[in-house]
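What follows is a walk through one protein model, for a reader who has not seen it before. The text goes from contacts between charged side chains to pockets, then to aromatic rings, and ends with the chain as a whole.

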Amino acid sequence: MSDWLIYTGNAREPHDGVDRLPPPPPWRAFDGGPPLPVPDGDSGNRHQATAYRPSDDAVRQVNAALYLRRPLLVTGPPGTGKSTLAYAVAHELRLGPVLHWPITSRATLRDGLYQYDPLTRLYAASRETGTDDIGRYIRLGALGTALLPHDRPRVLLVDEIDKSDIDLPNDLLTIFEKGEYEIPELARLAEPTADVLTADTGGARVTVTGGRVRCAAFPLVVMTSNGEREFPPAFLRRCVTLELRQPSDERELAAIVREHLGDLADRSEDLVRRFLARAANGTLATDQLLNAVYLCRHADAADRHDLADRLMPYLTGTADDD
C-alpha cells in the first residue's frame, strides 16, 4: 500500500492518521467553528469493524473521499459489507461513533438535519416560569450532527439511499456543497443562539449561534445503495463511487469466515464450497454462510448440508428462473 493512504483497511490497529490529511481543495474548504472534539467511544460495531476485509479498491476510494471531502456512494448486492465499511473506517481512524441515518421512502432532508418539538415546548411554557430554553426542544439528526464543526471528520452512514423519495438526493446536493444548514426556528429569534441536543448518545448539547451550523472538517459520508434505482448525474458527479461484489473465491471466503468466527471456522471448507456452488445459481449473502458455519458447529444435525441450505435461501430468483 502506498504512503498516501490514510485509511489502510486494518481496523485491528486504530491510529490517528487522519491528522495527516492535507488541507482540502480550495473549493471544499469549510470554516465552521468553534471546533468541537469528536465524542469518545467506539464506532458502534466493534466486531464487524475489526473483522471487515476491504478490497484494495475500497481502500483507495475511501481515501479519495477523505482527501477530496466528497461523499462516498457504495453500491453492491446485500451482504457485501456496504454498511460495515463505515464502521471499519470510523474504528481504524478513531473518528468516534458512526452517525446512522437509515433511509425510508418517507425520509426528508429535514429528518436528517434536525427535529423541533413545538408542542412540548408550548406545554412546558404553560407550566414553568423563567427563561424559555428552546434548545431543549431541538435535536439534531445524524446529518445535522455530522455537520457540526468537529475538529476531525465524523462518519455518517446514510443507509439505503436508493429507497428514498426521488427528491432527496438532489436535496442533499446543496447541503453537501455548502457544508452548512440553517435552523429557521432559531434564526428568526431575537437571540438566535441555543444549546441544542445532538444525535450522539448521552444527551450531549452543543451551542448553535445565529441559527446556523457550518462544518469545519467535512464528514466522511458513506451512502449505501442496493442498485434499485439510478441517481441524477449532478448527484453522481459530486460523489466518489465504489461498487462492492460478493466474494467468489474459496480462499477469500474462508478468510472472511476465519476473521468472524476464529476457531469455530475449523472444518468449514465443505460449507464454503457449498455456498459457492449455490451462489452460482442465485444471489446469496456472506452473512448467510457465517450463520450456517456457526450453527453447524453447534447443532447435532444428521445432515449438516441440509441444515446449511435452509440457512442459505436465495435472496433473488435462481439462474433457471425466467
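The model shown here is predicted. A search through the whole structure turns up 26 salt bridges. One of them joins arginine 12 to glutamate 259, with 2.6 Å between the closest N and O atoms. Because arginine 12 sits in the segment before helix H1 (46-51) and glutamate 259 belongs to helix H10 (residues 250-261), this pair ties together parts that are 247 residues apart in sequence. Glutamate 259 has a relative accessibility of 25%, so it counts as partly exposed.

A further salt bridge is formed by the side chains of arginine 238 and glutamate 177, at 3.5 Å from N to O. This pair, too, links distant parts of the chain: arginine 238 is found in the loop between helix H9 (233-236) and strand S11 (240-243), while glutamate 177 is part of helix H7 (residues 168-178), and the two are 61 residues apart. With a relative accessible area of 30%, glutamate 177 is partly exposed.

The next salt bridge connects two strands. In it the side chains of glutamate 180 and arginine 214 meet at 3.0 Å, N to O. Glutamate 180 lies in strand S6 (residues 180-182) and arginine 214 in strand S9 (residues 212-214), so the pair links distant parts of the chain, 34 residues apart. Is glutamate 180 buried or exposed? Its relative accessibility is 18%, and because the limit for buried is under 20%, glutamate 180 counts as buried.

The largest pocket has a volume of about 850 Å³. It is lined by 35 residues, and those closest to its centre are Tyr52, Gly79, Thr80, Gly81 and Thr286. Several elements take part in this lining: H1, helix H3 (82-92), S11, H10 and helix H12 (286-298) each supply at least two residues. Which of them gives the largest share of the lining? That is H12, with five residues. Sorted by class, the lining of the largest pocket holds 13 nonpolar, 13 polar and nine charged residues.

The second largest pocket has a volume of about 260 Å³. Its lining is made up of 18 residues, of which Leu21, Arg69, Asp151, Pro153 and Ala217 are the closest to the centre. Here the division by class gives 13 nonpolar residues, five charged residues and no polar ones.

Four aromatic pairs are found in a search of the whole structure. One of these is formed by phenylalanine 231 and phenylalanine 235, whose ring centres are 5.4 Å apart, with 35 degrees between the planes, a tilted arrangement. Phenylalanine 231 and phenylalanine 235 are both buried. Elsewhere, Phe30, Phe176 and Phe218 make up one aromatic cluster.

Phenylalanine 218 also has a charged neighbour: arginine 28 lies over the face of its ring, at 4.6 Å from the ring centre. Another such arrangement involves arginine 278, which is placed over the face of tyrosine 314 at 4.7 Å from the ring centre.

Finally, the chain as a whole. The protein chain contains 13 helices and 11 strands. Taken along the principal axes, its C-alpha atoms fill a box of roughly 75 × 50 × 40 Å. How many of the 322 residues of the protein chain count as buried? The share is 47%.

Technical notes. Residues are numbered from 1 along each chain as its sequence is written. This is a predicted model: local features need pLDDT of at least 70, side-chain atom pairs count only at pLDDT 80 or more; totals for chains, interfaces and linings use all residues. Side-chain values use heavy atoms; hydrogens and water are left out. A salt bridge is a side-chain nitrogen of Lys or Arg within 4 Å of a carboxyl oxygen of Asp or Glu. Helices (H or I, at least four residues) and strands (E, at least two) are DSSP runs, numbered from the N terminus. Buried means under 20% relative accessible area, exposed over 50%, partly exposed in between (1.4 Å probe, protein chains only). On a 1 Å grid over the protein atoms alone, a cavity is a set of points where a 1.4 Å probe fits but cannot get out, and a pocket is an open set with protein on both sides within 12 Å along at least five of seven lines; lining residues have an atom within 4 Å of a point. Grid points are joined across faces, edges and corners, and a volume is the space filled by probe spheres set on the points. Ala, Val, Leu, Ile, Met, Phe, Trp, Tyr, Cys and Pro count as nonpolar, Asp, Glu, Lys and Arg as charged, and the others, Gly among them, as polar. Rings of Phe, Tyr and Trp (its six-membered ring) pair if their centres lie within 6.5 Å; planes under 30 degrees apart count as stacked, over 60 as edge-to-face and the rest as tilted. A charge sits over a ring if NZ of Lys or CZ of Arg is within 6 Å of the ring centre and within 35 degrees of the ring normal.
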